[in-house]
Amino acid sequence: MTISFAHRHVLEDHIIGFEMKPNAHHLSVSRRPTIVTVLAHAEAEEDVQLALDLLEDVSIRSCGPCEWLAVSQSSSPEALLRLLRAIPGSSAFDQSDGRVLMQISGPDVRRILAKCVGIDLHADVFAVGASGNMLIAHVAGNLARSGPDSFEIIVPRSYAGTVFEELKEMGREFALTAAFG
Amino acid sequence: MASLITCPHCGVRPKEEFSIRGDAVPVRPAPNASDETWNRYVFVRDNPKGVIREYWHHVSGCRRYLVVERDNVSHAVLSVTDATVAGRAGQKEGVR
């Protein structure tokens with residue numbers, strides 16, 4: 001007997017009702033992003049970092065020494081894994097089903113995030129392209145700056161509901177809307 | 001208590017991201033050391049006032065163990081190093 005599995009996003013129950021037009025402040029949840037953890041072997045950190053920077057269509061998020069998250073919206077986990085496993089001195093593992101990717105944007109996005117992130121998000125300190133692991137609404141996740149007024153959040157799947165609800169609450173004063181994107 | 005810790009990997013972070021894992025001063029004795037030495041290493045701790053060295057685990061950041069040198073009177077953080085680096089430096093000095 002073959003069982004076919006239907007893919008269902010973990011935030012499906014949180015984003016219900018009729019579709020609203022996105023406001024200036026918008027939280028968009030990626031339906032099926034590809035997220036892969038990359039680890040560098042001992043003494044191979046710099047080489048792996050250089051190789052990762054050369055990859056196209058892949059966004060690299062730093063998680064700490066010798067550890068990165070590779071995020072892609074276009075390629076499949078298999079294709080990305082093949083690409084990353086070709087890098088000598090590295091190990092790569094698929095996390096796509098275990099993580100949730102959200103994009104939050106808007107002119108006052110920093111004021112929304114200031115309520116649930118403990119670090120300085122000023123552009124001089126956390127520039128576009130910067131990323132790091134940190135507590136986001138009391139959940140250990142990864143925050144990356146994708147633009148002057150937009151950030152990307154990666155949290156473990158089981159905590160995504162809490163973080164999503166918290167972010168919506170924080171964004172209420174700016175009429176934050178949320179949808180799959 | 002010090003509320004901001006400058007992690008060598010992540011930068012300035014609030015103390016809520018860390019977990020304090022105890023005194024970094026005791027040095028693990030050799031496996032065949034006397035019971036008394038092991039007892040001291042496992043159970044006996046000083047409670048100094050002033051500058052102390054502790055292990056801090058950056059649980060919700062880079063997940064590295066750090067050695068934080070801080071003053072428990074003035075709450076000043078004097079230095080933060082990765083525990084691996086601190087360990088190597090200790091070995092060179094012949095402390096460990």
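**Fold of chain A and its interface with chain B**

In the predicted model, chain A runs through the order β-β-α-β-β-α-β-β-α-β-β-β-α-β along its sequence. This amounts to 4 helices and 10 strands, taken as DSSP runs (H or I, at least four residues, for helices; E, at least two, for strands) and numbered from the N terminus. The radius of gyration of chain A is 17 Å, close to the 16 Å given by the globule rule for 181 residues, so chain A is as compact as a globular protein of that length; the radius is taken over C-alpha atoms, and the rule is 2.2 Å times the number of residues to the power 0.38. Of the 181 residues in chain A, 46% are buried (under 20% relative accessible area, 1.4 Å probe, protein chains only).

Residues are numbered from 1 along each chain as its sequence is written, and chains are lettered from A in the order in which they are written. Local features need pLDDT of at least 70, side-chain atom pairs count only at pLDDT 80 or more, totals for chains, interfaces and linings use all residues, and side-chain values use heavy atoms, with hydrogens and water left out.

The contact (heavy atoms within 4.5 Å) involves 11 residues from chain A and 11 residues from chain B. Between them the two chains bury about 810 Å², 55% of it on carbon and sulfur atoms; this is the accessible area (1.4 Å probe) lost on being put together, summed over both. A:P65, A:N133 and A:L135 supply 52% of the area that chain A buries against chain B. The interface has 1 salt bridge, joining the side chains of A:E67 and B:R63 at 2.7 Å, N to O (a side-chain nitrogen of Lys or Arg within 4 Å of a carboxyl oxygen of Asp or Glu). β7(A) gives the largest share of the side of chain A that touches chain B, 4 residues.

Key. Buried < 20%, exposed > 50% of the residue type's maximum accessible area, 1.4 Å probe, protein only.
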